[in-house]
Amino acid sequence: MRVFAAIAYNEVLLNLKRVAPYVVAALCAGNAVLWWGWGPASGRGVAVNSDFFIAGVQAPYSFLFLPLYTALMMADPGIRDFRDGITPLIFSKPITRAEYVLGKFFGNFFVLACCQSAFVVTLFILQWVPKKGVTVVPETKFLAYPKHFLVFVAISHMFLAAVYFTVGTLTRNAKIVYGLGIAFYPIYIGYQKVLLSSLPWRLKLALDPLVMNRALVPNSIRSNDPAWLNQLVIVYDADLILNRVVMTLLTAGCLTILYKLFSSTERSGRTKELTVINLSTAAEGVYYQHSSPVLPVAEFDRLDYINSVRVPEVTRVNEGIAAHLNKLVAAIGVEFRLLRAERSLVVVMPLSIFICLLEVAFYDIHPDVSLSAAYASNTSTSLMIFLIGMAVFYTGEAMHRDREVRIESFLWTTPISNSVLILSKFLSTLLLLFALIAGVGAAAVAIQIVRHHTPIDLVAYLKVYGLILLPSAFILTAISVAGTVFLRTKYAFYVVSIGTAAGLFYLYSNGYNHWLYNPVMYRLWTYADLTGVTRTILLYRLCWLLIAIICLALAHLFFERRSRGKANLPLPFALR
Amino acid sequence: MSTILNVKDLQKTYSGGVQALKGVSLDIPAGMFGLLGPNGAGKTTLMKILATLLEADSGTAQMNGLDLIANKADTRRVLGYLPQDFGLYPTLTAAQMLDYFAKLKGVNNKKERRALVDALLEKVNLYEERNRRLGGFSGGMRQRVGIAQALIGNPKLLIVDEPTSGLDPEERARLHNVLAESAGEDTVILLSTHIVSDVSNLCDRFAVIRRGEIVAATSTGAALKQLEGRIWEATMPREQIAGLEAKGKVISKQMAGVSTRVRMLSENGRPADPFVPVAATLEDYYFTVVNLT
């Protein structure tokens with residue numbers, strides 16, 4: 001028990017030094033402010049400190065806002081020790097697998113729950129803050145906040161956290177977890193539609209991890225009268241308790257699977273660390289001797305042969321545009337090869353294609369202009385979500401890979417310009433996104449043929465993908481490149497990106513939608529806009545492409561690697 | 001011996017307040033130059049500044065008229081660098097990795113590049129492993145890939161930071177030869193290490209850095225001559241060592257079973273009874289400079 005506590009405590013300490021938990025907590029608190037001041041209760045007379053409101057906001061908060069953050073926080077705790085090479089030091093101590101795995105899980109889950117609880121803590125404080133249109137009941141609430149948070153949020157996310165932690169620890173690949181995080185909504189909606197919808201009502205309630213299928217108050221007795229709602233006390237019925245028990249058992253099951261399959265050994269393909277440990281110091285006057293190496297005769301002969309190998313003189317061209325382009329092409333080739341080797345792509349690519357095609361493959365298509373136009377429009381809307389996720393995560397990976405692999409000092413001392421380093425990562429990620437768009441397009445055409453929804457109008461695909469998806473991919477990747485340069489810490493960049501994307505989608509969903517803050521034109525176009533006078537859409541796209549180019553220029557300007565003394569601009573606000 | 005690389009009054013303080021370099025000045029001629037110092041002395045900071053990776057707070061570094069600090073782009077054209085701690089893309093093969101670095105260093109001719117990569121792989125004894133992924137390489141093999149990439153394009157300034165770390169004796173001998181061969185009339189090889197024998201085997205000249213300051217800069221011959229006839233050695237029980245400090249300067253102690261082998265510096269003849277005179281080594285000089293000055 002003491003070892004378990006020590007491991008859990010150490011995880012808490014490690015997280016205290018990271019930026020991500022603070023950012024997540026701040027975003028959760030900001031979310032509470034939105035629900036409080038501009039949420040469904042605002043202006044309707046429902047008190048923001050009523051039991052009904054406190055319990056009612058937990059499930060949507062948990063569903064809309066938290067799954068990605070849970071993935072972000074729980075992806076790498078089980079990988080970190082292996083990555084940092086600390087495992088030999090840990091597993092040489094008398095530690096059991098259960099103590100290690102559970103200590104890691106609960107230490108990190110405690111931090112995650114603390115971050116998520118910033119939501120209820122903020123709501124708790126806000127009950128004393130007056131605002132026009134916001135109603136409060138006079139009786140101050142204390143216990144309702146932690147109680148409903150524990151029941152509706154903490155248990156749900158304990159299960160999700162266990163799944164993410166198990167996948168991350170067993171695969172030792174955080175990117176697969178991020179992929180799962182990105183794919184959470186399609187998976188969850190698919191789970192609801194395909195599996196739960198066919199089950200009996202009680203089972204449907206019991207197996208819903210985020211309790212989205214259960215009404216807070218039974219419709220038979222429900223009233224929309226604010227006075228009635230403000231007096232209501234939420235009680236947990238048997239169905240809810242059963243659901244929470246099932247989720248807790250599933251969490252335990254998940255951790256048991258992890259315990260059974262967890263191995264503390266090094267993976268054979270793992271990159272070995274170069275570590276030099278010298279226990280003696282000069283100050284002690286004790287030093288190890290390294291005499292001139294003496295070799296056996298056979299080795300000496302081999303050495304003699306190797307000495308005879310001459311390294312040829314080569315011509316080096318480092319001046320001019322052609323030399324610059326050659327280096328850029330070489331760097332794009334390697335960057336793209338490295339991106340292709342990302343294991344998470346094995347999950348993310350097929351899943352994205354599958355989800356994007358769900359609607360056109362299984363549901364009736366209602367063509368406004370043509371079937372191809374409907375296919376292209378439908379797939380492009382779903383694809384946009386994946387493009388955003390992939391642009392953010394794979395740009396983050398590409399931009400930070402050299403530092404993580406510790407190859408940066410090699411690359412940065414070669415005679416290449418910063419633009420080669422930045423553009424190679426930008427273009428290789430863009431190439432990956434284009435490959436996804438092409439894959440979805442090809443699959444949509446194939447489905448059209450299979451479903452006999454002919455004739456195929458390739459121009460419709462070209463219009464939708466060419467005007468909406470391809471520029472969006474370019475813009476998103478460019479903004480992501482600039483974001484990674486400005487924020488410098490990968491996880492801070494991820495958290496800020498997810499927060500910004502969630503905030504923008506919230507605005508779009510509430511009718512605040514304008515092309516100036518909607519670079520992907522989400523809900524701002526119909527196929528008819530692309531066929532008739534396309535000049536307006538083209539203009540919007542060109543404006544955003546210009547902004548994307550400015551982003552790339554800024555990334556170049558603020559890039560950490562210096563080329564001319566101290567001429568590059570400093571970045572005082574970088575999170576490092 | 002004419003100076004090729006001139007480092008003058010380099011200073012560097014990290015944001016945490018650690019003063020890593022306190023006005024380092026060095027005149028480095030062509031050939032191999034050793035930089036010795038204990039861990040944390042400032043060797044790697046100095047190497048990183050010369051390799052354009054770190055910004056100095058003040059000071060200059062000039063090589064044949066090229067300002068290494070102000071003109072980083074030009075410096076990188078003549079530079080080969082092997083850092084102390086590095087990684088490689090685990091999914092690429094050794095040949096792919098070297099080919100990539102050759103392209104980045106401007107070797108555009110495919111035929112030349114292939115010949116260069118093959119020769120370098122032969123040179124570091126990795127030719128048989130050229131098509132294996134780097135992720136499966138041992139520490140020593142990865143170190144050799146690092147050395148090979150540093151040699152691409154005949155660099156005029158080759159900076160190698162702790163290059164023999166993780167190498168077995170055979171590979172160490174091979175590296176010594178590779179480095180010795182790379183030294184030309186207009187080439188500087190800066191070898192940073194805390195393994196004194198690497199310097200004594202390879203370098204004509206060296207400097208010792210301690211707590212961010214150069215405490216000695218000399219030739220190996222001059223260093224040994226300075227200690228001639230002043231080094232004494234004895235093997236004795238541990239408890240007798242305590243009293244030795246009063247009789248002379250203890251340079252180093254090495255455990256040898258139940259006894260301890262002690263080397264002393266004495267200006268005035270035999271320091272105590274069991275001590276016998278021995279030939280001075282570079283290690284003696286190093287310990288004398290680092291601990292006794």
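This note goes through selected features of a predicted model, point by point.

1. Conventions. This is a predicted model, in which local features need pLDDT of at least 70, side-chain atom pairs count only at pLDDT 80 or more, and totals for chains, interfaces and linings use all residues. Residues are numbered from 1 along each chain as its sequence is written, chains are lettered from A and ligands numbered from 1 in the order in which they are written, and side-chain values use heavy atoms, with hydrogens and water left out.

2. Chain B overall. Chain B has nine helices and 14 strands; helices (H or I, at least four residues) and strands (E, at least two) are DSSP runs, numbered from the N terminus. Its C-alpha trace spans about 70 × 45 × 40 Å along the principal axes. Of the 293 residues of chain B, 57% count as buried (buried is under 20% relative accessible area, exposed over 50%, partly exposed in between, with a 1.4 Å probe and protein chains only). Among contacts in chain B with a separation of 6 or more, 67% are between residues 24 or more positions apart; contact means heavy atoms within 4.5 Å. The accessible surface of chain B is about 11,200 Å², and carbon and sulfur atoms account for 46% of that (Shrake-Rupley method, 1.4 Å probe; for residues, only the protein chains shown count as cover).

3. Helix H2 of chain A. The 19 residues of this helix, 20-38, should span 27 Å at 1.5 Å a residue, and the end C-alpha atoms are 26 Å apart, which agrees. The expected span is 1.5 Å times one less than the number of residues. Buried residues of H2(A) include Val23(A), Cys28(A), Trp35(A) and Trp36(A). Their cover includes helices H1 (2-16), H3 (51-64) and H22 (490-509) of chain A.

4. A nonpolar surface patch. Val33(A), Leu34(A), Trp38(A), Tyr506(A), Leu507(A), Tyr512(A), Leu516(A) and Tyr517(A) make up a nonpolar patch with about 750 Å² of accessible area together. Elements giving two or more residues to this patch are H2 and H22 of chain A, and H2(A) gives the most, with three residues. Patches are made of residues with over 30% relative accessible area and no salt bridge; like charges are joined within 9 Å, nonpolar side chains (Val, Leu, Ile, Met, Phe, Trp, Tyr) within 5 Å. Tyr517(A) sits in the loop between H22 and helix H23 (527-531) of chain A, and is partly exposed at 32% relative accessible area.

5. Gln127(A). This residue belongs to the loop between H8 and helix H9 (144-171) of chain A and is buried, with 7% relative accessibility. Its side chain makes a polar contact of 3.3 Å with the side chain of Asn49(A), and reaches the backbone oxygen of Phe124(A) at 3.1 Å. A polar contact is a pair of N or O atoms within 3.5 Å; within protein, one must be able to donate a hydrogen and the other to accept it, and residues adjacent in sequence count only if both atoms are side-chain atoms.

6. Backbone points to check. The peptide bond between Thr454(A) and Pro455(A) is cis, with omega about 5°; Pro455(A) is in the loop between helix H20 (418-450) and helix H21 (458-487) of chain A. Arg172(A), not a glycine, has a positive phi near 50°, and is buried at 12% relative accessible area. Glu162(B) also has a positive phi, about 50°, without being a glycine; Glu162(B) is buried at 3% relative accessibility.

7. Salt bridges. The structure holds 34 of them over all chains; each is a side-chain nitrogen of Lys or Arg within 4 Å of a carboxyl oxygen of Asp or Glu. Lys425(A) and Glu335(A) form one at 2.8 Å, N to O. Lys425(A) is in helix H20 and Glu335(A) in helix H16 (residues 320-340) of chain A, so the pair ties together parts that are 90 residues apart in sequence. Lys425(A) is buried at 5% relative accessible area, as is Glu335(A) at 2%.

8. Salt bridges in chain B. Glu55(B) and Lys72(B) meet at 3.1 Å, N to O. Glu55(B) is buried at 12% relative accessibility, and Lys72(B) is buried at 2% relative accessible area. Lys103(B) pairs with Asp99(B), with the closest N and O atoms 3.4 Å apart. These two are four residues apart in helix H3 (residues 94-104) of chain B, and so are separated by about one helical turn.
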